[in-house]
Amino acid sequence: MKKLLLNALYVFRLSIDNVLGLVKSTINQALAVKEDLGDLSTATLNQLIADNLLFEPMVKNPRKSEFTEKVSKANSDRKERFLEIKRTVKLHLKGRDAAKKAAAKTVDFFFSTYWGMINEPMNTVTGVISGMFEKYNTDVVVKAAAATLALSTMITEFETSNKTFDVIYNQRLANDAAHELSASEQKKAVCNMFTEFCNALEQSANYTPNESVLKLFNNINELRRKYHGLEPVGKDKVESELVK
């Protein structure tokens, strides 16, 4: 008798999203015929379900963290501060006070290359602002002009706001990295149990077959063929990754 073999699948090489899709489809297919599965297949299926219950929330909500709202508020704060500086400078450019108008021209000339950058990607803005302040803090002429317009405190607070944003943004990056690492570790557990379930199903199809087991075998085989096509190309295959 020819032995039934499942299609090869390097499940560990799939993305986190694709692993979740594969495992959920496998669980749904298996639950439909659970009563007809053998003890080993049932045991590995139950563990696969348990591991996936931990894995799925990590995949679905990777970016929802306590820092998301903080980052948004910090970015809005520095943006409003910068726009307030811009409004003040533009107002004095139109004013009648000759001294303040001249000071406004000096400040406007310095900031002219930066006015539009505030709407760039948040992490890009941070670096641009930091570079801007390296120039501003050594330019006595521009600082004196800003003082004439009573902008010194406002500009200092804007610099502080940018530094605050940078701290919070990096905290979120660290939090996201820890979350991704956790998801990656749980991915390993899910992949290992998927392998165990497939091995058990393969044994059942060969040695204790029934109509439901054989139908499930074919359905899982088709899933494996489908997801095999989603594996990234151009990487060496590691023998231990192969689910047989």
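**Notebook: salt bridges and a helix pair**

The cut-offs I used are under 20% relative accessible area for buried, over 50% for exposed and partly exposed in between, with a 1.4 Å probe and protein chains only.

The model is predicted: local features need pLDDT of at least 70, side-chain atom pairs count only at pLDDT 80 or more, and totals for chains, interfaces and linings use all residues. Residues are numbered from 1 along each chain as its sequence is written, and side-chain values use heavy atoms, with hydrogens and water left out.

**Entry: E185 and its partner**

I checked what E185 pairs with. It forms a salt bridge with K188, and the closest N and O atoms are 3.5 Å apart. I counted a salt bridge when a side-chain nitrogen of Lys or Arg is within 4 Å of a carboxyl oxygen of Asp or Glu. Both residues sit in helix α7, three residues apart, about one turn of the helix. Helices here are DSSP runs of H or I with at least four residues, strands are runs of E with at least two, and numbering starts at the N terminus. K188 is partly exposed at 42% relative accessible area.

**Entry: the wider search**

How many salt bridges does the whole structure hold? I found nine. Side chains of opposite charge can pair when their charged atoms come close.

K90 and D108 meet in one of 3.0 Å, N to O. K90 lies in helix α3 and D108 in helix α4 (residues 98–111), so this pair ties together parts 18 residues apart in sequence. Is D108 buried or exposed? D108 counts as buried at 15% relative accessibility, while K90 counts as partly exposed at 32%.

E222 and R225 meet at 2.4 Å, N to O. They are three residues apart in helix α8 (residues 211–228), so about one helical turn separates them. E222 is partly exposed at 40%, and R225 is partly exposed at 48%.

I also noted a network of salt bridges linking D77, R81 and E157.

**Entry: α3 against α7**

I looked up how α3 (residues 67–93) and α7 (residues 152–207) pack. The angle is about 160 degrees, and the axes are 9 Å apart. The two helices are therefore roughly antiparallel, a label for angles over 145 degrees. The contact of α3 with α7 has eleven nonpolar, seven polar and seven charged residues.

Note on methods:
Axes fitted to C-alpha atoms, helices over the stretch in contact; angles between N-to-C directions. Parallel < 35°, antiparallel > 145°, perpendicular 65-115°, else oblique. Nonpolar A, V, L, I, M, F, W, Y, C, P; charged D, E, K, R; others polar.
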